[in-house]
Amino acid sequence: MRKIILGLAAVAVLTAGCNLEEDPVAVQSADPGKSTGKSSGAAKGKPFPIKLTAKRARASKSVLSDGGALSCAKVTVTNQTKKQLEVNPLYFSITDTKNTKHDSSSALGEYEGQIDTTELAPGEKATGLICAKGNFRPKIVAMTNPLFSEAARAQVA
């Protein structure tokens, strides 16, 4: 009986950390009012809790820049929830047209105008640049929450 209980406890511990398949976060279209058709939730009229828009942009390099290529998007985050929303430049990533994900921390501090680290009240919005090292065309910008699970995605216009 003791072996059965220990076995069940071991199985419970091992499966507790498994990531069950979660529905992917819907990609918000670059065209207002249009759905990308990648998720059923937002496409059926439900508003996105975090509205994220992105547009290709160029950044002015800062004094900390090493002179390498940067690919950037200007993002606007709008808190459409009833709770405070944390925004941090470390919470963003850029996926290029070849579906390669680039972390925004790779270029942190190398350009002017990055999105501020802030907390948005319901209805507030923040705008700024997100960049990653390399010369590529941004396709999707993703934002995570403080626990680093994806919270919002948007096509880059």
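The legends below describe several close-up views of a predicted model.

View 1. The protein has 157 residues, and buried residues make up 33% of them. Among contacts between residues at least 6 apart in sequence, 68% join residues that are at least 24 apart.

**View 2. The open sheet of three strands, in the order E2-E3-E8.** The pairing in this sheet is antiparallel, and its edge strands are E2, residues 50-57, and E8, residues 125-133, each of which pairs on one side only. On average, and with direction ignored, neighbouring strands of the sheet are turned by 25° against each other. Strand E3, which covers residues 70-79, is joined to E8 by nine bridges, and in one of these strand pairings Cys72 has Cys131 of E8 as its bridge partner.

**View 3. Strand E10 and the strands it pairs with, E1 and E9.** Strand E1, residues 27-28, runs parallel to E10 and is joined to it by two bridges, with Arg153 in E10 as the bridge partner of Val27. Strand E9, by contrast, runs antiparallel to E10, and five bridges join these two strands. Ala142 also stands opposite Arg153 in E10. E9 and E10 form a hairpin with five residues between them, and in the turn Phe148 has a positive phi of about 60°.

**View 4. The one aromatic pair of the structure.** The pair consists of Tyr91 and Phe148, whose ring centres are 5.8 Å apart and whose planes stand at 90°, so the arrangement is edge-to-face. Tyr91 lies in the loop between strand E4 (85-87) and strand E5 (92-96), whereas Phe148 lies in the loop between strand E9 (138-144) and strand E10 (150-155), so the pair ties together parts that are 57 residues apart in sequence.

**View 5. The largest nonpolar core, with 22 residues.** The members of this core that touch the most other members are Leu52, Val77, Phe92, Val141 and Met143. Strands E2, E3, E4, E5, E8, E9 and E10 each supply at least two residues of the core. When residues up to four places away in sequence are not counted, the residues that Phe92 touches include Leu52, Val75, Val77, Ile115, Ile130, Val141 and Met143, and also Asp103 and Ser104. A second, separate core has six residues, among them Leu70, Cys72, Tyr111 and Leu129. As a general point, nonpolar side chains in soluble globular proteins tend to be buried together.

View 6. The side chains of His102 and Asp96 are joined by a polar contact of 2.9 Å. Leaving aside neighbours within four places in sequence, His102 is in contact with Ser93, Ile94, Asp96, Ala132, Lys133 and Phe136.

Key:
Residues numbered from 1 in each chain as written. Predicted model: local features only at pLDDT ≥ 70, side-chain atom pairs only at ≥ 80, totals over all residues. Heavy atoms only, no water. Pairing = 2+ DSSP bridges. Helix = DSSP H or I, 4+ residues; strand = E, 2+ residues; numbered from the N terminus. Axes fitted to C-alpha atoms, helices over the stretch in contact; angles between N-to-C directions. Phe/Tyr/Trp six-rings, centres within 6.5 Å; stacked < 30°, edge-to-face > 60°. Core = buried A, V, L, I, M, F, W, Y, C linked by side-chain atoms within 4.5 Å. Buried < 20%, exposed > 50% of the residue type's maximum accessible area, 1.4 Å probe, protein only. Contact = heavy atoms within 4.5 Å. Polar contact = N/O pair within 3.5 Å; in protein donor to acceptor, adjacent residues only side chain to side chain.
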